[in-house]
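Work through the exercises below with the sequence and the model open beside you. Try each task before reading its solution.

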Amino acid sequence: MNKIFGHDTFFFRFMNQAGNVIIATLLWLVGCLPIVTIGTSTIALYYTTVKSIRRGEGYVSREFFSAYRRNLKNGIPMTIVFLLLAAVLVIDRLYVDQGQSAVAAFSLGYTLLTLVVASLAVYVFPVMSRFTMSAWECFRLALLMVFRHLPFTVVLLRMQIASICLVVLIPAPMLFIIPGACCYGQSFLMERLLKKYMAKPQTEEEAEKWYYK
């Protein structure tokens with residue numbers, strides 16, 4: 001039995017990480033409740049997913065709330081920016097759908113713009129979780145990454161859309177699993193990209209830090 005349920009077995013590690021993903025998702029949901037803190041909560045979710053769940057450093061709840069408090073100042077304005085962008089895109093889309101054929105010809109342009117904004121949202125919060133830059137600098141870096149790493153962007157966006165569809169189609173229990181699971185899956189690609197923009201470690205001790213592993 002120890003070969004199946006022991007602490008060093010694949011089954012135990014999988015169940016432990018699955019449990020941590022669910023806990024992180026629940027914390028993310030609570031953190032999103034004021035609406036304007038959705039971005040802050042997403043930053044904390046990504047930070048916790050990589051540091052605590054994947055790298056095994058610190059406790060999930062402690063790392064989440066620490067990152068949450070630390071990113072409130074920049075996370076709230078960034079959330080408001082994306083909420084305003086989403087509102088503008090929805091209103092414009094309704095206008096295009098109700099317009100004449102000449103106006104409807106711009107429908108593709110609005111669709112592409114929506115994809116760019118959605119891709120920006122996928123990148124910007126992990127960027128904010130990693131770098132100590134201003135919100136505007138993080139936004140610019142995220143925009144650069146969207147186009148510079150277009151194949152990765154397509155994959156990350158597909159993962160995001162698939163996750164949203166699962167939550168919409170099966171709200172329970174997917175709402176309590178999928179956000180954290182999606183973040184966990186995306187982090188394998190996102191970490192490869194973020195490391196391209198990080199300064200090289202100067203010492204062996206620095207190279208052992210969780211964000212370089």
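Helices (H or I, at least four residues) and strands (E, at least two) are DSSP runs, numbered from the N terminus. The model is a predicted one, in which local features need pLDDT of at least 70 and side-chain atom pairs count only at pLDDT 80 or more, whereas totals for chains, interfaces and linings use all residues. Residues are numbered from 1 along each chain as its sequence is written, and side-chain values use heavy atoms, with hydrogens and water left out.

**Exercise 1**

Solution: Next take the accessibility, for which buried means under 20% relative accessible area, exposed over 50%, and partly exposed in between (1.4 Å probe, protein chains only). With a relative accessible area of 32%, Thr 111 is partly exposed.

**Exercise 2**

Task: Describe the surroundings of Thr 153 and identify the partner of its side-chain polar contact.

Solution: Thr 153 belongs to helix H9 (residues 150–169), and it counts as buried because its relative accessibility is 5%. A contact means heavy atoms within 4.5 Å; not counting residues up to four places away in sequence, Thr 153 touches Ser 119, Tyr 123, Met 145 and Val 146. A polar contact is a pair of N or O atoms within 3.5 Å, where within protein one must be able to donate a hydrogen and the other to accept it, and residues adjacent in sequence count only if both atoms are side-chain atoms. The side chain of Thr 153 makes such a contact with the side chain of Tyr 123, at 2.8 Å.

**Exercise 3**

Task: Follow Tyr 123 into the largest nonpolar core, and find which element gives the most to this core.

Solution: A nonpolar core is a set of buried Ala, Val, Leu, Ile, Met, Phe, Trp, Tyr and Cys residues joined through side-chain atoms within 4.5 Å. The largest has 46 residues, of which Met 78, Phe 82, Tyr 123 and Met 128 touch the most other members. Among the elements that give two or more residues to this core are H2, helix H5 (72–98), helix H7 (107–130), H9 and H11, and H7 gives the most, with 8 residues. Leaving aside neighbours within four places in sequence, the contacts of Tyr 123 include Phe 152, Thr 153, Leu 156, Met 190 and Leu 193.

**Exercise 4**

Task: Characterise how H7 meets H11, giving the angle, the distance and the residue classes.

Solution: Axes are lines fitted to C-alpha atoms, for helices over the stretch in contact, and angles run from 0 to 180 degrees between N-to-C directions. The axes of H7 and H11 come within 11 Å and cross at roughly 65°. In H7, Val 122, Tyr 123, Pro 126, Val 127 and Arg 130 meet Gln 186, Met 190, Glu 191, Leu 193 and Leu 194 in H11. To sort these residues, count Ala, Val, Leu, Ile, Met, Phe, Trp, Tyr, Cys and Pro as nonpolar, Asp, Glu, Lys and Arg as charged, and the others, Gly among them, as polar. The contact of H7 with H11 then has 7 nonpolar, 1 polar and 2 charged residues.

**Exercise 5**

Task: Examine the backbone at Pro 173 and at Ile 35.

Solution: Pro 173, in helix H10 (residues 171–174), is joined to Ala 172 by a cis peptide bond with omega about 10°. Ile 35, in the loop between H2 and H3, has a phi near 70°, a positive value in a residue other than glycine.
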